[in-house]
Amino acid sequence: MHGRLKLRPPDAARRKQREEKLRRYRVAMATLIDKRGRGELDAEVVELTGAVLAANPDVGTCWNLRRRALELLGGDWVPGELAFVGGCLGVNPKSYGAWHHRRWVLRHAPPDPAAQRAFCARLLEADPRNFHAWEHRRAEAGEAAEAELAFTAQLLARDFSNFSAWHHRGRLLADGPLPPERLRQELELVQNAVFTDPQDQSAWVYLRCLLARATPPPRLLSLHADLEDGTLAAAFSRPVLVSPGSLEASLEDRPLPGPWRPADGRPRPSCFWLCPLPPGLATPPARLRVAWQRGPAHFVTLRPGETEAWWQEPIEARELIWPEVGVSDPAVLSELAQACRELLELEPRSRGCLLTLSLLLGALGPREHGEELRRCLRCLQEADPLRRGFVADLASRAEVALELLREGAGLGELRLQDKALTSLPLLEHAALTTRLELAGNELGALPPGLGGLRRLQVLDVSRNRVRSLRGLPPLPRLEELRLDGNPISHASDLAPLAACPRLARLRLVGTPLAAAPEAAAQLDKLLPHVAVALA
């Protein structure tokens with residue numbers, strides 16, 4: 001057969017040797033099982049398990065019996081057992097059973113970090129990506145951080161593509177922002193690596209992790225109180241899980257009983273959370289106070305004659321594209337961006353460089369670097385066709401960010417027509433939007449996060465790829481929805497709209513559903529109070 005490697009059948013001598021080896025294994029295992037059943041965990045068990053494991057270190061039953069026998073026998077068996085496990089790891093350096101047994105043996109021995117580092121170094125010399133050796137080194141080799149950093153530097157000097165060494169190095173550095181001098185040293189090491197091999201991704205991944213070490217904690221971005229809907233809505237900078245007592249809300253110093261629930265109706269972390277308002281809140285004025293995890297409190301006040309009130313934090317531009325970035329010094333980010341530009345002059349199709357520069361430009365300010373950011377993302381899509389979806393979503397994030405920061409953009413309107421959007425991120429920064437224009441994009445569905453836009457009145461999703469609205473949460477103030485040109489075929493795909501109490505106008509021109517003869521009757525039954533345009 002073409003493409004298949006031809007293997008010579010073993011000759012008679014090799015076949016006989018293999019059969020004998022299998023026979024001995026079966027005899028040994030049968031004896032061990034029999035002795036276990038009789039409770040005879042003696043020196044013979046240690047001998048038999050040693051014979052089996054020396055040939056195949058992955059027999060978990062033998063390791064378990066060996067440990068039980070050693071504990072019963074007593075004596076100073078630690079040195080010999082460490083040597084035995086070392087031999088087993090010579091047969092299979094990534095045997096889970098052997099590594100687990102070694103850690104068990106070390107619990108019976110005095111600590112010797114230097115010996116453990118030397119042992120792991122020998123294995124890593126043979127295979128620098130042996131993750132068992134790396135984990136063992138972290139767990140058993142003590143806390144000599146500087147010595148470990150020097151060790152990883154030696155390995156990286158031989159091979160900058162050693163991702164395991166980069167990962168170990170990142171684990172060694174303390175959590176939180178690095179001191180300026182240490183950060184400078186790490187950035188110099190990364191620059192040496194990426195200028196040596198711009199196409200290798202290891203150093204680029206390490207650099208992005210390095211810059212995202214001090215991610216800002218989640219915080220409240222906006223509040224919206226709606227008397228008509230009887231709901232208090234809170235938007236967060238990142239998805240959070242609200243537990244009892246973590247999000248405190250009160251009305252005139254009286255705690256609201258809650259409970260808080262995610263706006264998308266899913267029991268998981270969310271950017272949008274809703275709390276019911278008490279029924280007696282129909283006569284303003286009323287002052288609502290909300291605080292997250294005992295942090296700073298924010299207030300909204302419902303005044304006489306008003307049915308809604310809100311508060312919103314000013315948008316932090318540097319958090320929109322790369323919210324995880326923890327390095328706040330713009331000089332450091334600018335210097336890195338300039339180094340990426342210089343490298344792209346030499347290697348214009350370096351994927352890691354294009355992605356890192358895009359993120360750095362977002363952290364430095366999307367509005368100031370908008371055109372360069374778009375250009376980088378277009379080049380990245382061409383250089384990395386296997387990840388076009390990821391890059392398209394990042395480009396969508398950039399376009400939404402640029403619209404949020406657009407000079408003159410009103411509080412209630414976002415214009416995102418014909419932006420080639422494949423996703424709709426950053427809705428947490430648009431919680432008070434009343435009009436959302438999304439026509440002419442490539443959206444395949446409406447995100448559940450739309451349920452957090454409690455003030456949304458007009459939504460235009462014409463000429464996208466939306467096939468169904470299933471999963472769309474209720475939108476209490478939505479009055480008009482345009483779905484022209486989307487591949488919607490069945491009236492049942494619009495069922496969530498029945499939960500939108502204010503919906504008055506729906507456009508379905510150019511959809512497969514509009515051409516169905518029974519469409520008008522089905523829609524009239526599903527949405528009796530909505531004026532539906534089919535042509």
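**Helix H3**

Reply: Helix H3 (residues 60–73) has 14 residues, which at 1.5 Å a residue should span 20 Å, and its end C-alpha atoms are 20 Å apart, so the two agree. The expected span is 1.5 Å times one less than the number of residues. Helices (H or I, at least four residues) and strands (E, at least two) are DSSP runs, numbered from the N terminus.

Me: What kind of model is this, and how are residues numbered?

Reply: This is a predicted model: local features need pLDDT of at least 70, side-chain atom pairs count only at pLDDT 80 or more, and totals for chains, interfaces and linings use all residues. Residues are numbered from 1 along each chain as its sequence is written, and side-chain values use heavy atoms, leaving out hydrogens and water.

Me: Which residues in H3 are buried?

Reply: Cys62, Trp63, Leu65, Arg66, Arg67, Ala69 and Leu70 are buried. Buried means under 20% relative accessible area, exposed over 50%, and partly exposed in between (1.4 Å probe, protein chains only).

Me: What covers the buried residues of H3?

Reply: The cover includes helices H1 (12–38), H2 (43–55), H4 (78–91) and H5 (96–106).

Me: Turning to arginine 171, where does it lie?

Reply: Arginine 171 belongs to helix H9 (residues 163–172) and is partly exposed, with a relative accessible area of 47%.

Me: What is arginine 171 in contact with, leaving aside neighbours within four places in sequence?

Reply: Arginine 171 is in contact (heavy atoms within 4.5 Å) with Glu135 and Arg138. Arginine 138 is 33 residues apart from arginine 171 in sequence and 8.9 Å apart in space, C-alpha to C-alpha.
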